[in-house]
Amino acid sequence: MKTLMTNNTEKTTSIIAATAMILSIGLPNIFAETPIADWYWDDDANICYLDTELNTLNWSGAGTGYATQIKARIANAVSTYNAYMNGVDLNNNDTCSGDRIELGAQDLAEATYLAQLTDWDETSNILSQADIDFNTDFTFYGDTNQCYPYYDIEWVANHEIGHAVGLDHNEGWFANSVMVPNCAGSWSTIQSDDSDALDTHYG
Amino acid sequence: MQNKYKITSFAAIVMVFAMTSIVLANMDVSTQIETHEKHVTSFHGSMPVYSLDYLVNVSEYAIIGEVVKITPTIVETHTMPPAVYSDVLVKVENDLNNNYHDKTISVRIQGGEKDNIKTTADLNPKFAVGEQVLFFVHEKDLDSIWGDNYYVSGLYQGKYSLTDGKANRDIYDDTVEQTELFSQIQQIRGVQK
């Protein structure tokens, strides 16, 4: 009887040891917070819409010239970030001066980016300008809540604004993040992995 | 009985190791912030997941070869800050599409370092001199940011590093057998072997 109990205890202990070993390797990746870049905004930033460029984007299969509709969707993404950033505000005031994030469009070519974020000179780690360019080679949509084949521009904006405020890609195994590199359902809004990272920068 | 204590002690050590790993992985990384000495411009992007079928069909060439030279160059436009792009020269051993017949090919990627400018670009493929590679080459698009240069279709998704019979992509540790991949590409493209 005593031998049986000892065997059971040993088995249980071995299972605990094996589980702990697996967790020690897996957990850091599973629960990895979205990484932050080494730059950030130290003051409020204006949101600047480049209408002429946004009008060149293909919109909802209807063609070009839809900057107004596109701006409305991007404004939703800006509001999402403002709800999570305590230290600074992204002023959705369409002002193209001062510290700012410019939103426009560019021909980034076929089979490349949906959109690209360019951070200007990060010498001091404090940003003064960031540009988001949506790719004129794609067609974007509003309220499709999906990636392929109808790219929801608000989802793409959620991801790019994340870069603009200093979030890096989250490549954790089971990342629940708007910052996973390839378009996915988690781009719909700021996720749990991201909010802690935003707190680190702007809490 | 002694064995029981040994196993329990081992389990305890592993638990401590596990907890330490978790704490370290979730530590505030703000201590890693450091000041750059150079002017740094960085590109970050968002991409769809491109299937192998799409990459094969959208590309003019599927080049196998060896990287022989990487030349950084500063690109300035009126809409963007000065940034470093790199021209990657590859000695061509084969084009799986049977379309490319020159001895070398040059493709442009974003990122690099020249003078006092450093540019990082997280979704671009990484190349190293001497590396054996397979990559999908898109035809030039003069109006795009790549100008009069070939570029890699799918950026990082369109480049494989070839080693010991395996083909590996940088992200997600995506490794496949070279022979299997080559034959799949030619099958998609409908190329006669």
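This is a predicted model: local features need pLDDT of at least 70, side-chain atom pairs count only at pLDDT 80 or more; totals for chains, interfaces and linings use all residues.
Colleague: Noted. How many bridges join β7 of chain A to β8(A), and do they run parallel or antiparallel?

Modeller: Strand β7, residues 139-141 of chain A, is joined to β8(A) by 2 bridges, and the two run parallel.

Colleague: What is the strand order in the sheet they belong to?

Modeller: The order is β2-β7-β8 in chain A, an open sheet of 3 strands with parallel pairing. The edges are held by β2 and β8 (151-152) of chain A, each with a single partner strand, so one side of each has no neighbour in the sheet.

Colleague: Remind me, through what do strands of a sheet pair?

Modeller: Through backbone hydrogen bonds, in either a parallel or an antiparallel arrangement.

Colleague: Let's move to β6 of chain A. How many of its residues are buried?

Modeller: In strand β6 (residues 129-135) of chain A, 6 of the 7 residues are buried, so the strand is largely enclosed by the rest of the structure.

Colleague: And how does β4(A) pair with β6(A), parallel or antiparallel?

Modeller: Parallel, over 7 bridges. One residue pair to look at is Gly104(A), whose bridge partner in β6(A) is Asp133(A).

Colleague: What about β5 of chain A and β6(A), parallel or antiparallel?

Modeller: That pairing is antiparallel: 5 bridges join β5 (residues 115-119) of chain A to β6(A). Ala115(A) has Phe134(A) as its bridge partner in β6(A).

Colleague: Which residues in α3(A) are buried?

Modeller: The buried ones are Ala67(A), Ile70(A), Ile74(A), Ala77(A), Val78(A), Thr80(A) and Tyr81(A). They cover an arc of only 155° around the axis, and that puts them on the same side of α3(A).

Colleague: Which residues are exposed on the other side of α3(A)?

Modeller: Thr68(A) and Ser79(A) are exposed there.

Colleague: What do the buried residues of α3(A) pack against?

Modeller: They pack against several elements of chain A: the strands β1 (45-49), β2 (58-59), β3 and β4, along with the helices α2 (51-54) and α4 (153-164).

Colleague: Since α4(A) came up, how many of its residues are buried?

Modeller: 12 of its 12 residues are buried, so α4(A) is mostly covered. Among them are Trp155(A), Asn158(A), His159(A), Glu160(A) and His163(A).

Colleague: What about the span of α4(A)?

Modeller: With 12 residues at 1.5 Å a residue, α4(A) should span 16 Å, and its end C-alpha atoms are 16 Å apart, which agrees.

Colleague: Which residue just after α4(A) takes a positive phi?

Modeller: Gly166(A), with a phi of about 105°.

Colleague: Another glycine, then. Where is Gly98(A)?

Modeller: Gly98(A) lies in the loop between β3 (90-91) and β4 (100-106) of chain A. Gly98(A) counts as partly exposed because there are 13 C-beta neighbours inside 10 Å.

Colleague: How far apart are Gly98(A) and Phe140(A)?

Modeller: In sequence they are 42 residues apart, and in space they are 29 Å apart, C-alpha to C-alpha.

Colleague: Is Ser144(B) buried or partly exposed?

Modeller: Partly exposed, because 19 other C-beta atoms lie within 10 Å. The cut-off for buried is 20 or more.

Colleague: What about contacts between residues at least 24 apart?

Modeller: Counting contacts between residues at least 6 apart in sequence, 66% of those in chain A join residues at least 24 apart. On that count, the figure for chain B is 63%.

Terms used. Residues are numbered from 1 along each chain as its sequence is written. Chains are lettered from A and ligands numbered from 1 in the order in which they are written. Helices (H or I, at least four residues) and strands (E, at least two) are DSSP runs, numbered from the N terminus. Two residues are in contact if their C-beta atoms, placed from the backbone, lie within 7 Å. The arc is that of the directions from the helix axis to the C-beta atoms. Two strands pair if DSSP finds at least two bridges between them. The expected span of a helix is 1.5 Å times one less than its number of residues.
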